[in-house]
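Subject: Structure handover

Hi,

Here is the structure I promised to pass on. Have a look at it first, and then read my notes on the side-chain contacts below.

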Amino acid sequence: MSKKDTCEIFCYDEEKVNRIQGDLETVDISGVTQMLKAIADENRAKITYALCQDEELCVCDIANILGVTVANASHHLRTLYKQGVVNLRKEGKLAFYSLDDEHIRQIMMIALTHKKEVKVNV
């Protein structure tokens, strides 16, 4: 870090700090971080994106889209399911997955749009 990255003196706005600290106690940041960590894996992000493109896909479809084994796809889907990113529907011996809700689709599409627009500061 250089001096351009930090304040040169230490001071803070006590009112803002107290208000935001209070707000943090009322929201489930831990749950959000776990959900985002689940999507942050490249294969799970690809699964999430694929499910943005089609309402429902079976495990075999997802495995073929990713070019991985059915077991590998199932492993990633279980993680997404546990974090509330996807829903599971069984039909006989087939397992179908869909996004949990429109918010997940929005998170993925907003992230992709942001990535296109952002200038990387290296």
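Let's start with a quick one: does E102 count as buried, partly exposed or exposed? E102 has a relative accessibility of 43%, so E102 counts as partly exposed. For the cut-offs, buried means under 20% relative accessible area, exposed means over 50%, and partly exposed is in between (1.4 Å probe, protein chains only).

Before the rest, some housekeeping. This is a predicted model, where local features need pLDDT of at least 70 and side-chain atom pairs count only at pLDDT 80 or more, while totals for chains, interfaces and linings use all residues. Residues are numbered from 1 along each chain as its sequence is written, and side-chain values use heavy atoms, with hydrogens and water left out.

Now back to E102. Its side chain meets that of R105 in a salt bridge, at 3.1 Å from N to O. A salt bridge here is a side-chain nitrogen of Lys or Arg within 4 Å of a carboxyl oxygen of Asp or Glu. Both residues sit in helix α6 (residues 102-117), three residues apart, which is about one turn of the helix. (Helices are DSSP runs of H or I with at least four residues, strands are runs of E with at least two, and both are numbered from the N terminus.) R105 is partly exposed too, with a relative accessible area of 22%.

There is also a network: salt bridges that share partners join E56, R89 and E91. Within it, the side chains of R89 and E91 meet at 2.7 Å, N to O. R89 is partly exposed at 34% relative accessible area, and E91 is partly exposed at 43%.

In total, the structure holds four salt bridges. One of them links E42 to K46, with the closest N and O atoms 3.7 Å apart. These two are both in helix α3 (residues 42-53), four residues apart, again about one turn of the helix. E42 counts as exposed at 56% relative accessibility, whereas K46 counts as partly exposed at 39%.

Finally, the rings. The structure holds one aromatic pair. The ring centres of F10 and Y12 are 6.1 Å apart and the planes are at 55°, so this pair is tilted. The rule is that rings of Phe, Tyr and Trp (its six-membered ring) pair if their centres lie within 6.5 Å; planes under 30 degrees apart count as stacked, over 60 as edge-to-face and the rest as tilted. F10 is exposed, with a relative accessible area of 77%, and Y12 counts as exposed at 54%.

Cheers
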